[in-house]
Amino acid sequence: MLVGGISLLGDLTGIGRYAFEIARRLASDEELHASFYYGYISSRLRASESGEGVGGCISSAKKRIARCPWAKKALRRLLESASFFYPGAFDIYWEPNFAPISALCAKSRSVVATVHDFSWLLYPQWHPVERSSYFKKIFPKGIAKADKIITVSHFVREEALALFNLNPDVIEVIHNGVDHSVFHPYHPDETEFFRKARALPRRFILFVGTLEPRKNVVRLIEAFRRLPARMQAECPLLIAGATGWENGDILRLLRECSAFAHHLGYVHNRELALLYNLAEAFVFPSLYEGFGLPPLEAMACGAPVVVSRAGSLPEICGDAALYIDPADEDSIAAALEKIIEDREERERRIAAGFQRAALFSWDESASRHRRLFLSLSKN
């Protein structure tokens, strides 16, 4: 089988994380014989956490031009166009990133595509213009070539059925997972060493996500502003995540509120797990999610979770999280105050969170992907 690997070229957030976690569990499968397409075809999984680098010069170029729309478009076309020149054929082509590449579809007997959300269609204002325009152009034709469509939640499946004329039997829901070998409670000596090394406060509220409109960071900071000064001082807000786009208001607020709000930048998995371990609570006020992985990772590490009642998040977090209205700063502030001040509430959420996170694993998710791929290869 051939796995689309372009989403693996760069820091592994969101779709790249999903593609990596599934692909690395399938890479050595003797029945699937996986190869990977990065603009060239390789038998090796090349991603930032695989030990094989991040795809060499292609990844470096992708990072350098990330903020240049016309250059991003040119690179995307280059990576996709290169597929025309590969003479091979495959039983299965799996595209983890929404829309399969036409030339690779033509070389494959069966095509599978994973759809993560429809924010690019429903809320184009949350995306760069070139991104939403690109998906609107290529998604309908690309998804029509898929013999099977994976959605990462029932929420996304229902959106897919409502928005496109798709056969329900073609869509299979396979939830994302948690890497429990990384995201779990750590020994206090290790977390304390990390705290001191990074000069982290004794108590803090943690948010993890890219600085972009959909993540609702402006309202989060404004809600934090409403907390009593004592709480702000005793339990500041730490924000971990890539810089993203359309983030001028966020960066301005971070400067204004530097006494209690701090941006840590992109954090790799190991340090992210330690941050979850140390957090007084994890807050995720996102306006829309097709799945929403950080809340589950936080739960697996023993952090009580405050999360939006929006998108797929109630489906994923169940009864384990304390829910907020993401459009209401008072709702966010009230939940933050409760989770900071009420120890019994934190303990209830921690216990429920461990149980909830245990229901999700990348091993189980990969196993379900494997069964789907093998069923197609034998047809």
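Reader: How many of the 6 residues of β4 are buried?

Author: The model is a predicted one. In β4, 5 of the 6 residues are buried, so the strand is largely enclosed by the rest of the structure.

Reader: Which strands make up the open sheet, and in what order?

Author: The sheet has 7 strands with mixed pairing, and their order is β3-β2-β1-β4-β5-β6-β7. At its edges stand β3 (41–42) and β7 (171–173), each of which pairs on one side only.

Reader: In which sense do β1 and β4 pair, and over how many bridges?

Author: A general point about strands comes before the case. In a regular strand, side chains alternate between the two faces of the sheet. Here, β1 (residues 2–4) pairs with β4 (residues 90–95) in the parallel sense, over 2 bridges. Opposite Y93 of β4 stands L2, and opposite W94 of β4 stands V3.

Reader: How many bridges join β4 to β5?

Author: There are 5 bridges between β4 and β5 (residues 108–115), and these two strands run parallel. As an example, I92 has S110 in β5 as its bridge partner.

Reader: Which residues of the largest nonpolar core touch the most other members?

Author: The general idea is that nonpolar side chains tend to be buried together in soluble globular proteins. In this model the largest nonpolar core has 124 residues, and those touching the most other members are I205, L206 and L237. Beyond its neighbours within four places in sequence, L237 has contacts that include I205, F207, L220, F260 and V283.

Reader: How many aromatic pairs are there?

Author: Two aromatic rings count as a pair if their centres lie within 6.5 Å. By this rule there are 23 aromatic pairs. One of them joins F36 and Y38, with 6.4 Å from centre to centre and 25 degrees between the planes. Planes under 30 degrees apart count as stacked, so the pair of F36 and Y38 is a stacked one.

Reader: Are F36 and Y38 buried or exposed?

Author: Residues under 20% relative accessible area are called buried. F36 is buried because its relative accessibility is 0%, and Y38, also with a relative accessible area of 0%, is buried.

Reader: Which residues form one aromatic cluster, and where is F98 placed?

Author: One aromatic cluster is formed by F98, F118, W120, Y134, F135, F139 and F164. F98 belongs to the loop between β4 and α4 (102–106). With a relative accessibility of 4%, F98 counts as buried.

Reader: What is the phi of F98, and what is that of A199?

Author: Most residues other than glycine have a negative phi. F98 is not a glycine, yet its phi is positive, at about 70 degrees. A199, also a residue other than glycine, has a positive phi near 55 degrees. The loop between α8 (188–197) and β8 (205–208) holds A199, which is exposed, with a relative accessible area of 66%.

Reader: Over which ring does the charged end of R309 sit?

Author: The ring is that of Y323, and the charged end of R309 is 4.2 Å from its centre.

Reader: Where is N277 placed, and which residues does N277 touch?

Author: N277 is in helix α12 (residues 269–278) and counts as buried, at 19% relative accessibility. A polar atom of its side chain lies 3.0 Å from the backbone oxygen of H184. Residues up to four places away in sequence aside, N277 touches H184, P185, Y186, T191 and C301.

How values were computed
Residues numbered from 1 in each chain as written. Predicted model: local features only at pLDDT ≥ 70, side-chain atom pairs only at ≥ 80, totals over all residues. Heavy atoms only, no water. Phe/Tyr/Trp six-rings, centres within 6.5 Å; stacked < 30°, edge-to-face > 60°. Buried < 20%, exposed > 50% of the residue type's maximum accessible area, 1.4 Å probe, protein only. Lys NZ or Arg CZ within 6 Å of the ring centre and 35° of its normal. Core = buried A, V, L, I, M, F, W, Y, C linked by side-chain atoms within 4.5 Å. Contact = heavy atoms within 4.5 Å. Helix = DSSP H or I, 4+ residues; strand = E, 2+ residues; numbered from the N terminus. Polar contact = N/O pair within 3.5 Å; in protein donor to acceptor, adjacent residues only side chain to side chain. Pairing = 2+ DSSP bridges.
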